[in-house]
Amino acid sequence: MNPINIEETKQQLGEFAKSYQRPLRGKTAILSPLRDELLELDAKGATSGEIASALSQFQITVSKDTVARFLRIEKQNERKKPVTPP
């Protein structure tokens, strides 16, 4: 049995933690790369149904409820971002 080099393990785990990104899961995973465009459509007054219909033209099939949930969560996340002073 080899002794564990705790410092090496700590360094490797730290590097892993810094580069780790949680895999996208669920119905909204496909929408994440389109976040800015979807928020822009929402800001222009497009309904969730209209956005879902537009996405279906690009072979992205999601319900209007999924679009609405995604937009609601993203808008909440925007409000939580700290404001950086100029």
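Q: Where does Thr66 lie?
A: Thr66 lies in helix α4, where helices (H or I, at least four residues) and strands (E, at least two) are DSSP runs numbered from the N terminus. This is a predicted model, in which local features need pLDDT of at least 70 and side-chain atom pairs count only at pLDDT 80 or more, while totals for chains, interfaces and linings use all residues. Residues are numbered from 1 along each chain as its sequence is written, and side-chain values use heavy atoms, with hydrogens and water left out.

Q: Is Thr66 buried or exposed?
A: Thr66 is buried, with a relative accessible area of 2%; buried means under 20% relative accessible area, exposed over 50%, and partly exposed in between (1.4 Å probe, protein chains only).

Q: And what does Thr66 touch?
A: Leaving aside residues up to four places away in sequence, Thr66 touches Lys27, Thr28 and Leu31, a contact being heavy atoms within 4.5 Å. The side chain of Thr66 also makes a polar contact with the side chain of Ser63, at 3.1 Å. A polar contact is a pair of N or O atoms within 3.5 Å; within protein, one must be able to donate a hydrogen and the other to accept it, and residues adjacent in sequence count only if both atoms are side-chain atoms.

Q: Stepping back, how many helices and strands does the protein have?
A: The protein has four helices and zero strands, and from the N terminus on its elements run α-α-α-α. Among contacts with a separation of 6 or more, 56% are accounted for by residues 24 or more positions apart, and buried residues make up 20% of the 86 residues.

Q: OK, on to α2: which of its residues are buried?
A: In helix α2 (residues 35-43), the buried residues are Arg35, Leu38 and Leu39. They cover an arc of only 100° around the axis, which puts them on the same side of α2; the arc is that of the directions from the helix axis to the C-beta atoms.

Q: What follows α2?
A: Gly45 follows α2, and its phi is positive, near 95°.

Q: How many salt bridges are there?
A: The structure holds five, a salt bridge being a side-chain nitrogen of Lys or Arg within 4 Å of a carboxyl oxygen of Asp or Glu. One of them joins Lys75 and Asp42, with the closest N and O atoms 2.9 Å apart. Lys75 lies in helix α4 (residues 64-80) and Asp42 in helix α2, so the pair ties together parts that are 33 residues apart in sequence. Lys75 is partly exposed at 31% relative accessible area, and Asp42 is partly exposed at 22%.

Q: Changing topic, which residues make the nonpolar surface patch?
A: Leu13, Phe16 and Tyr20 make a nonpolar surface patch of about 350 Å², with accessible areas taken from the Shrake-Rupley method with a 1.4 Å probe, and for residues only the protein chains shown counting as cover. Patches are made of residues with over 30% relative accessible area and no salt bridge, like charges being joined within 9 Å and nonpolar side chains (Val, Leu, Ile, Met, Phe, Trp, Tyr) within 5 Å. Leu13 is placed in helix α1 (residues 6-19) and is exposed, with a relative accessible area of 54%.
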